[in-house]
Amino acid sequence: MQNKNNQATHLKKEILIRTIKAFLTDDFPAKARLIPYDMRPKGCAVPFRCCVYKERAILKERTIAVLGFSIEEYDERISLSSYAQKALKRSKPETLPLTVLETACKGCVPSRIHVTDLCQGCVARPCTTSCNFGAIDIINGKALIDSEKCKNCQKCISACPYSAITKVVVPCENACPVGAIAKNEKGHAKIDFEKCISCGKCVSICPFGAVHVKSQIIDILKHIKENKKVIALVAPAIVGQLPYPIGKIKSAIMKCGFCDVMEVAHGADITTKHEAEDFKQRMRRGDKFMTTSCCAAYNELVDKHIEDMKPFRSDSHTPLYYTAEIAKKKCSDCITVFISPCVAKKTEGMKNPNVDYVLSFEELGALLVAKKIEVNNCPDVPFEVESSKQGRNFPLTGGVAKAVEVATNNDIVCRNVLVDGLNIQSIRELKKYAKNKNCEQGNLVEIMSCEGGCTGGNACLNSYKTASKQITEYASNGKCVNDIEIE
């Protein structure tokens, strides 16, 4: 995954902050229209594109995505102020969570195996002998690959002693584990939402920032401005994003206008207990293995690509499901907002009537900046319901499986298998488990779409190492999940 400390990420953040600041004024549509011009005024330097006009055109498209609209249906004749007004009138966010900015997409050269100038035309020629398809010849003292014969097996890359052969990749296509993104007839990236599992890997990897998450921030701010009861449901991974106690983060979120903040780590405790019972029942009836069910991208993967895995996925709901259910029981007319580490939860939220909106960590960070809220200056306020050590550890790799293991109380021997990140190889393994109805490595398979678990989500702000340290420290002060009562 690309380092998030890059210009594309900073650009997205700046537009988020400017859009929120525009909303907080008395004339949101007029201020929103000026965002591209304020960021690239007349006579300014043009850092990324050929001219200021193209820079502004792309900034306009990025702002439209922040307003929550698809660029695929974008009409360039319509002004940003009109899109802002349309966002204010919208009663529900658009369903598909991602959009591609065609103007920003570079239209990368096709993925292929390529011989560089480092080729020495050596006598050994291991590239030719390693190729099983006769795709490589030596022409004028240099290896040449016949693209019609090449099968991209990459054996020639491994064989070359000069590292002269390389694979040219299209980052978004290469990162997608299910082949859901490819070029359209114009040579620009296009997402096939029939295949897409909303893992967000294309968002993180695109060096041009052309794949955008459609934000729901305006919808949320509108409800807050109307004095609706808006409750924030914070993912356990949030503890790793800011160097402050969770109680201070809660206060800062409430200062943004939310009427209450609930820990989804408590929902994780409920998921843990349900999954533990589910696991015990399955093992007693003779099942060979069970997979966890809390990762939204994994659930999409099973539903769309691994039908045979459905019988082996736990029937338990996700931590978000249980927390949102509690929030709605507590206050039936409230608006629930899940504060999330990844885009996959937007897809989950759209399928759950108890989840009204999803706000990412990045968007929350932009909101705090726009409203000039210093988290460290906020009071440390405890949560009404205490979460367990295991629930707080859910966002870390191995955290879910360990929680289920603890909750089984040694009634059944757990042999944990951790799938730390979905990619072509790990999906191939999962398909094998489903086909064979067996996982030889263990009986409890935890699957996380992102490497590092939820702390590696595409909307996370902190590095995995720092985030995991903060989460582990917070979790160490919690009770055991077996000592937590659930409703």
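Here's a short briefing on the cores, the sheets and a pocket.

Keep in mind that you're looking at a predicted model. Its largest nonpolar core has 122 residues, and its largest pocket has a volume of about 710 Å³. There are also open sheets to trace, one with four strands and another with three.

**The nonpolar cores**

- Which residues touch the most other members of the largest core? They are Ile238, Ile253, Phe258, Met309 and Leu430.
- Helix H1, covering residues 7–23, supplies the largest share of this core, namely seven residues.
- Zoom in on Phe258 and, leaving out residues up to four places away in sequence, you'll find it touching Ile220, Ile224, Val230, Ile231, Ala232, Ile253, Val337, Leu359 and Leu367.

**The four-stranded sheet**

- Follow the strands across this open sheet and you get the order E10-E9-E12-E13, with parallel pairing.
- The edges belong to strand E10 (260–263) and strand E13 (357–360), and each of them pairs on one side only.
- On average, neighbouring strands here are turned by 30° against each other, if you ignore direction.
- Strand E9 (residues 230–234) and strand E12 (residues 335–340) run parallel and are joined by five bridges.
- Val230, one of the residues that Phe258 touches, stands opposite Ile335 in E12.
- Helix H12 (residues 264–284) lies across E9, E10 and E12, and runs at about 35° to E10.

**The three-stranded sheet**

- This open sheet is also parallel in its pairing, and its strand order is E11-E15-E14.
- Which strands sit at the edges? Strand E11 (290–291) and strand E14 (416–420) do, each pairing on one side only.
- Five bridges link E14 with strand E15 (residues 444–448) in the parallel sense.
- Val417 has Val445 in E15 as its bridge partner.

**The largest pocket**

- How many residues line the largest pocket? The lining has 36 residues, and Thr9, Lys13, Leu16, Glu362 and Leu461 lie nearest the centre.
- The elements giving two or more residues to that lining are H1, helix H9 (201–205), strand E8 (211–213) and helix H16 (361–370).

Methods: Residues are numbered from 1 along each chain as its sequence is written. This is a predicted model: local features need pLDDT of at least 70, side-chain atom pairs count only at pLDDT 80 or more; totals for chains, interfaces and linings use all residues. Side-chain values use heavy atoms; hydrogens and water are left out. A nonpolar core is a set of buried Ala, Val, Leu, Ile, Met, Phe, Trp, Tyr and Cys residues joined through side-chain atoms within 4.5 Å. Buried means under 20% relative accessible area, exposed over 50%, partly exposed in between (1.4 Å probe, protein chains only). Contact means heavy atoms within 4.5 Å. Two strands pair if DSSP finds at least two bridges between them. Axes are lines fitted to C-alpha atoms, for helices over the stretch in contact, and angles run from 0 to 180 degrees between N-to-C directions. On a 1 Å grid over the protein atoms alone, a cavity is a set of points where a 1.4 Å probe fits but cannot get out, and a pocket is an open set with protein on both sides within 12 Å along at least five of seven lines; lining residues have an atom within 4 Å of a point. Grid points are joined across faces, edges and corners, and a volume is the space filled by probe spheres set on the points.
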